[in-house]
Amino acid sequence: MSWLAFNMNAKKRIRILFFLGLFGYILAFFSNPLFFLLFFFVSSALIFMAVLYIFLLIVKRSKQLKLLAAAAFCAIILYGAGELVFPYLFKKINPSGRNAAHQSLALEQLKSLPYVSWSKNEANARVRGVTIYDLKKAFPGYNLYTDKSRNAYLMDMAGNIVYRWQFPRSIQGRWDYAELLDDGSIVALCVYKCVAKIDRHSNIIWVNNISAHHDVTLLPDGGYLIPVAEPEVGYRSHLVKFDSVVRFSGDGEILGKWSTRDELPALKKLHDPLPLDFRVYRLSTALRGFYLFIKKNYALTNAFRRKVIARFGSPHPRNNDAAIMKEPVFSERMATKMRENVEKILGLNVTYDYYHLNTIEVLPKTALGMRDARFQQGNLLICLRNANLILILNKDTKKVVWHWGPRMLDWPHMPTLLENGNILVYDNGAHRSYSRIVELNPMSESIEWEYRARPPEIFYSQIMGSNQRLPNGNTLICESLNGRAFEVTRDKEIVWEFYNPEIKKGKRRRIYTMMRITDQNKLRSLLL
């Protein structure tokens, strides 16, 4: 063991580095968020330097070890360069495809990005409002949609606005979805901000500040089911958002939830692995995981720290619990800025959607549901876009009793169980560049009817969209990204068509969903 017999100066340096590192960890434990990060990283660097110093002292005593260390150093440099360059070599091959050449590129598709309100393509200013209307073949009714801004509209078949709700200006954000109730009020979502009930005169009845999005489903007892984004968590060294189905009372109180995060092991068995399931071994992966570990455990450390000080602290005001928790304003700003910069460097300034739950439907009473308990009245039909998966949950156990979609659908929306027992679903085709509407027989899992345009590319909404089977067998379709809605017959003839007339700087305002209101009870309170 003579190779460990370092001289006294070397031992002192090593001891000093270890002592400073440990002392830094203690200071971090009792510091505010800004200095917690600073002391933690500096202390880790000192410990690393001490270990590296020991390694160099050992290497100096042998030529073979010197050569081995040099080779290891070169390998690390080459590995780092390769990991930084490799993903970008394949961008031109398949930058947006489902089977991207490198998983870090496929992750781009799962970024949690806001839906913008205006079309991407240049709008034809001469095409506005209702452009096709076949009185004999189109099903009569009124059309409900939002402008993704400040209003919800009820429009007649000729394109005239017959009623309008204004969303509260006190809540700034993107209002995407509105569900009409029998008394003329609506339940609307300000995306990732709140869900609110608004009366027919645009007054707020109640509001719940929760991260709601995409859909509102009415329950027989007057309550609602709404998709809600859970707080971000660290998953495989990324910030990832999971969704829950949250049950609300008629007064907007939360009664319970079903979480995709809690059900993840069971759900992952139903679909192919997603890009977030693959660990990309890059140099930043370990740093991301380390940082997320610190971020996750800081709150626990802080709570434990307060308990320690409360137990052994002095009567000095600096040591009381309130003073510890209260940070100076400039320190909060510096801590926030530092955290943002660290997350940007590590690539953690982006949140990913694991499933992107976009639809909840309570199954109605059908002949199929009376024969097969999987499709019984009250079960829940939901859509997990990023997994290309639609599934049915048992109303009591909340366990999956039926599923379909992987390798058949491409970022679907709005599955709906029809009276004939089939399921209508909007198949966006995000990776094939055209959309279609599919009517699926869930027993045989065969497609019994399909709508796609001729050529297919002229009907395409990469994201968003809705479909509704009307009482006469026609289908109302919303091509969200182009601000267009249209009605087709069973023979795929377009008998009604509407383009959002709002155009700004050459861009047409998008329509998130459009639904044909045919229930006279709902219409009577608004139109009389």
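Predicted model: local features only at pLDDT ≥ 70, side-chain atom pairs only at ≥ 80, totals over all residues.

Mentor: Residues are numbered from 1 along each chain as its sequence is written, and side-chain values use heavy atoms, with hydrogens and water left out.

Trainee: How many salt bridges does the structure hold?
Mentor: A salt bridge is a side-chain nitrogen of Lys or Arg within 4 Å of a carboxyl oxygen of Asp or Glu. The structure has 21 of them. One of these pairs E439 with R469 at 3.2 Å, N to O. E439 sits in strand β22 (residues 436-441) and R469 in strand β24 (residues 466-469), so this pair ties together parts 30 residues apart in sequence. Strands are DSSP runs of E, at least two residues, numbered from the N terminus.

Trainee: Is D427 buried or exposed?
Mentor: Buried means under 20% relative accessible area, exposed over 50%, and partly exposed in between (1.4 Å probe, protein chains only). D427 is buried, because its relative accessible area is 0%. Its salt-bridge partner R432, at 2.9 Å, N to O, is partly exposed at 24%.

Trainee: Which side chain does T351 join in a polar contact?
Mentor: A polar contact is a pair of N or O atoms within 3.5 Å; within protein, one must be able to donate a hydrogen and the other to accept it, and residues adjacent in sequence count only if both atoms are side-chain atoms. The partner of T351 is E232, at 2.8 Å. T351 lies in strand β15 (residues 351-353) and is buried at 14% relative accessibility.

Notes. Helix = DSSP H or I, 4+ residues; strand = E, 2+ residues; numbered from the N terminus.
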